[in-house]
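Okay, hi everyone, thanks for making time. Let me put the thing on the screen and then talk you through a few bits of it.

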2 protein chains.
Amino acid sequence: MYNFCNRLAVRSHLILAPHHSHPAPLPMESALFSSSPLSAFVPRSPPSLASRPLRLLSLPFSLLIHHSPPPRGGPPLLPRRLLRRFSPAAYADADAAAASAAESRSSGDRVVARPSSELRMGRPGGSGTGVAGDEKLRSLRELFARPDVAIDAYIIPSQDAHQSEFIAECFMRRAYLTGFTGSAGTAVVTKEKAALWTDGRYFLQAEKQLSPDWILMRSGNQGVPTTSEWLNDVLPAGCRIGIDPFLFSHDAAEELKEAISKKNHELILIKDFNLVDEIWKSRPKPPGKPTRVHDIKYAGVDVLSKLSSLRSVLVENGCTAIVISMLDEVAWLLNMRGSDVPNSPVFYSYLIVEISHATLFVDNNKVTPGVLDHLKSAGVELKPYEEILSEVESLAAKGAKLWLDTSCVNAAIVSIFRSACERHFTRLATKSRKQLNNGASSDLISIKSEDIRNGIPNGLYKVSPVAIAKAVKNKAEIEGMKNSHLRDAAALSEFWCWMEQEVKNNLTLTEVAVADKLFEFRKQQEGFIDTSFDTISGYGANGAVIHYKPTSDSCSFVGTDNLFLLDSGGQYVDGTTDITRTVHFGEPSAWQKECFTRVLQGHIALDQAIFPERMPGFVLDVLARSSLWKVGLDYRHGTGHGVGAALNVHEGPQSISFRFGNLTALQNGMIVSNEPGYYEDHSFGIRIENLLLVKEVDLPNSYGGIGFLGFEKLTFVPIQSKLIDTSLLSPMEIKWVNDYHSQVWEKVSPLVNVAVRDWLWRNTSHAACWTLKSRGKMRTQLMSTCLILSISMFARPIKQQSPPSYSFVLEPEKSYALEVKKRVFLRINL
Amino acid sequence: MYNFCNRLAVRSHLILAPHHSHPAPLPMESALFSSSPLSAFVPRSPPSLASRPLRLLSLPFSLLIHHSPPPRGGPPLLPRRLLRRFSPAAYADADAAAASAAESRSSGDRVVARPSSELRMGRPGGSGTGVAGDEKLRSLRELFARPDVAIDAYIIPSQDAHQSEFIAECFMRRAYLTGFTGSAGTAVVTKEKAALWTDGRYFLQAEKQLSPDWILMRSGNQGVPTTSEWLNDVLPAGCRIGIDPFLFSHDAAEELKEAISKKNHELILIKDFNLVDEIWKSRPKPPGKPTRVHDIKYAGVDVLSKLSSLRSVLVENGCTAIVISMLDEVAWLLNMRGSDVPNSPVFYSYLIVEISHATLFVDNNKVTPGVLDHLKSAGVELKPYEEILSEVESLAAKGAKLWLDTSCVNAAIVSIFRSACERHFTRLATKSRKQLNNGASSDLISIKSEDIRNGIPNGLYKVSPVAIAKAVKNKAEIEGMKNSHLRDAAALSEFWCWMEQEVKNNLTLTEVAVADKLFEFRKQQEGFIDTSFDTISGYGANGAVIHYKPTSDSCSFVGTDNLFLLDSGGQYVDGTTDITRTVHFGEPSAWQKECFTRVLQGHIALDQAIFPERMPGFVLDVLARSSLWKVGLDYRHGTGHGVGAALNVHEGPQSISFRFGNLTALQNGMIVSNEPGYYEDHSFGIRIENLLLVKEVDLPNSYGGIGFLGFEKLTFVPIQSKLIDTSLLSPMEIKWVNDYHSQVWEKVSPLVNVAVRDWLWRNTSHAACWTLKSRGKMRTQLMSTCLILSISMFARPIKQQSPPSYSFVLEPEKSYALEVKKRVFLRINL
């Protein structure tokens, strides 16, 4: 599934679409050039520019503010990080996964192994119609006047405290307050007004769910202000605007602060309580599922080694500690997994790694004795989740040099550290000044930076070193990914075999029922834990809605008249999968075949790419689009995202995208998706997605001693040959399809039963891949060289002889179409 | 010819090589999105980031400083602009054109229509051996002590005052002082030491030419400091380091100032005289050739219209005037041409365009009565070249809002404007403070920006709007480019026809003689004026030296045992050409053919690219490299540069390069080169270069309403088929070669005599393009589908029938090789 939100990529840089929106100057981030998983801890690149502030901050603290002036008339050019929150629809490709996640969460605390149909039942906060909303607003506004609050407005975003893609129900405050359950939305409540921002995906849903007291802000529509523009507009100058600083990354909070400062508003960080929680009477409990140890046979590297590598990086960067707040980074570093949120095997926690010890902030009830032993043996001690702030404060008191990735660490943590540092600085400055007054020369009045460094705490604001270490998979992780992909392929083969029959017999087969059935097949596979995101099951026009998520009460039947797009993935004990296939159960039109074939050509071109090491992914993006561009087509999402090993289905820092702001180099051991597509509004959608492992390739030459990289496929499920217009393919591309299907057959056929084996054979042997229709001249051999070539290359040799030759089995019951374009004399063995 | 220096691209942003050097954060510049040549004046994009400072500077002036910290152990990550001057070899692909230019200049003031052999005679400043150098150094150092100088060191760069690629002899001060005549080099003289920095191309030459008093700094070698590092090292803190501010762009001077400030050195701008000129007794006179009017039939748009468009941009940007210092911008804007420097039809001048009038600063003797009338009718008045500074000062006095492109306008102009502004600011500030003291509130002590804008002058520091307007060619310019390319193709066909014979008969045919002969052929073409750069004529291993320039005393003979690379271009009255062909006059090896074919595949892939509008060129660069990457090969230069219309052979702002810092979008009407290559050290070099016109394409679809662009070829000279390994080519690629050669035949054959026509026929009809060797089975038709297809596509149909069929003429005297890879039954009409 494409990471439409690209939240993870956003963590480390600003992303703007170059040709689909007004271009703007792009600050870039430098790439990291490690090759081994552990050396990946070591960021060898030079510091980045404004977008990722990297500096040992000497006091007084300057603000980390990024801003690009918006062009006239165009969409706002705020960093995507902010945009996502405050005007999500400015990016049409906002997160499909998040969309489905928000709704799946509403089923309560059942987060594992549920069929899709169950995921859409129940909504937190009731229907949202009627006066319930008013009551909530009234209660919320009453809090504004409390002396410990004292604000004029409150912003309620969709986030949790960890910038998670999937969040637990108890953190769905925006959905509770507004009644609007879509995944993307920001609520802003002033004393008089209440407004909700969401994007085009959710306009209808929001209209239905919001009470009349809410103003719906249709983000992306002409003239619709951003949240901060609106606040600057409706409030008199100099107001106090409150946020829960846990729910904003530090960088996002700083940008908000900057934006509202134009009207002299003050940003109030209310960190002791969340105002929505205060009025949420039957708020669900925070998830408390036990965590588990991620077996070393899947993790590959033990916790002590990982911590030791991380500590080396800290030392090299002059740091004494780091706060890790991204849940997948904590899980990866500690070889632990959990089930606090749907789709991602993570658990709510923070981790502080210091040079001599490490502390995991997690609820005790999540830690089984086995996990406790595991942590103890790695020297990790436990503290309650809530103690993170006091610990950060005491770190400052101890003079810590703290590494904070301010793009994801929340504003509560960063601000408490900063104010603690400031207190220490003031103390030291006073002390120094006293000493200076006792005779020191006046031009030494400024405190030497070494003194500051030695005497008081400070912060290194830089992208987390864990992100790149986690992205570069080790041998065991790769092994696990490969194995889980084969089991996933078996489940998918069983599913498609079933589906092919079912769709012809069952006229009321819904998109949701299809997703449920797929879940059933996956569930039967060993080590299956959960879906890795909510299945995108879109028939016909629904497939063209990139963010489509069917609901049981409003989805389509799947038929034989149009294309069916299925994007799904599984979480297994040893790996994470993500695959999209598009199929037609009837007769595709020539246009659909052309579009499918061009998407396939892009998929093949990227799959086959060989490229020098140190190359950012965006350089390759054009390969996936060229075949579409040739006829004026394109798709509005990136081509590839990173994938975790038995972790989040979307992870950074690498990506393959037309947004060329991400300079992270692709590295040996990284995993990326390859998912070009084409979407025709109100008609159909096409996407073909495999996961790829970035791998060193052995070439006959090595220009300038540079290593070259390529991709190894992880996904092995047939691509529907019926949809391929072979006349568009080059011999190389035809060979690619043949070779791929040969591999699919070899790898997956041993894992399925006889009936599925037959389906697999038919879908990998190409007996039905090409069609040849007699025009009364079949025996006179007047045929197109072009087509003949296609056939000979396309058909996987059923019987391979020595020396190689190809025999084609033309099945009598099939219909064979032959386009004769150029005349040659040629005979075929019939 | 590839713009290895990329000076023009550098004008507007920093460029760093992503995979051939350590990557660094890249500030980016926004693209301009105009479609018509005149609307191209209007920069619609948002302002750029730090790399291209764009701001209405409110006083006091902040410095425009760009710096990225160097990584440990890697090459210095200073902006390329600085690097080029102070450590050129950090970029191995520094400017071949500049290299040849520097030497060509040494022939004195003969700048038009000279054979290449003449270009290398004579060297300014004598041989450089012996004591002549010492004498010059002594004289120079004597000046250091003069009260109006008072410096401790002086830096002598290679530049003229206009950042020109080719400069007049009188400005070759570094060559005069040091005796070293290579194109790239910076001399630094302190009271005790003298050092010259140059790069790997020139180590041997510099060793020969420098006197023992000079230290040779081998830039790019391990441990070799930059000029500023060296100055900081050898001088005691707090020295005065002098430069001629005319020879540094403002941005470069600021960077230098910042670098030396680390040792508290002060940068002294000595603008009233150049110290080298003071000691240069027989310094050549500045060039004084008359200018000419560039006919409106070639220029397309008259001067008044161009000025009017420019003025609209000034008004929109709140400016009242602009200083244009790039010589090609002046020439383009005024529809004038000159011959002050070799290879570029420009003349030394500055132009100031104000809202109501315009002033050209040029020596009177260059202005003929015809030119004078032309200028008068456009309302352009004349002033002497030297008055530029006083005019800028008086503009400031008049309160001008002045547009200055500080990446190319020299430091003398910018600094005089700034200090004039500062004087006015101080005056105004004093006045305001007085008013405020008479009762105004203290928090109004800062002067309102509107007051400043209305009351005093200021500067807009932004890339020149003329650059993009010039880059987008109008109809007449395109017409002229097309016509001149056809005449150039005729000359090249005559040349290659001659060469093919000559090389077999003349065993002492030198690379220089070849270049001279080519010059002869070009000279015979109507409207020919000059070469557009010194011909790169490299046989065998010399072809692998990307910067190779043969000299009559040290060049190779051209033979039949290796590849011969010829990169050349012409200046015509109506257009500018630039073409590279690589040929073999004997039997190329299989490896040479493979390399050539892969370069050709890259050339074809870029030529055939279709891409959405608003796409920067670097996105396409990968297309030109993929075929080489597949086998671990690459080339260390970019793929395309802009080309002027009857102007500079290298122009910005667009480029197609692996350096992805240049965000300028390719636009309809731009011209770029397409020149992938492959270079095997000490063995051979390959480059295939055509010029391409960026053109809107009409496609069956238009996704999201976006326009798509493609390329139209301007260059029509055969590509040697002998060097193509057809088995590597796809049918599409084979078709491309066929179609291209068909076009070459159609367009060029009417322009040449019978003998050359025959050569052209042989080299475009592919009779020799494919070889087919009988293995005794030719009549039994056992052949490879693949090869058959290749042949059928590759051979331009000699006799086309209806319905289409292909007949192959297998010539009996030829040797035919047939690789049978796969068996089909097939018959060919013999």
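Quick bookkeeping: two strands pair if DSSP finds at least two bridges between them. Strands (E, at least two residues) and helices (H or I, at least four) are DSSP runs, numbered from the N terminus. This is a predicted model, where local features need pLDDT of at least 70, side-chain atom pairs count only at pLDDT 80 or more, and totals for chains, interfaces and linings use all residues. Residues are numbered from 1 along each chain as written, chains are lettered from A and ligands numbered from 1 in written order, and side-chain values use heavy atoms, leaving out hydrogens and water.

So, the sheet. In chain B, an open sheet of three strands goes 16-17-19, with antiparallel pairing. Strand 16 (536–539) and strand 19 (579–584) of chain B are at the edges with a single partner strand each, so one side of each has no neighbour in the sheet. Strand 17 (residues 563–568) of chain B is joined to strand 19 of chain B by six bridges, and B:Leu566 has B:Arg581 as its bridge partner in strand 19 of chain B.

Now the helices. The axes of helix 21 (residues 590–607) and helix 23 (residues 731–748) of chain B come within 11 Å and cross at roughly 85°. Axes here are lines fitted to C-alpha atoms, for helices over the stretch in contact, with angles from 0 to 180 degrees between N-to-C directions. Contact means heavy atoms within 4.5 Å. Among the residues that meet are B:Leu600 and B:Ile604 from helix 21 of chain B, and B:Trp736 from helix 23 of chain B.
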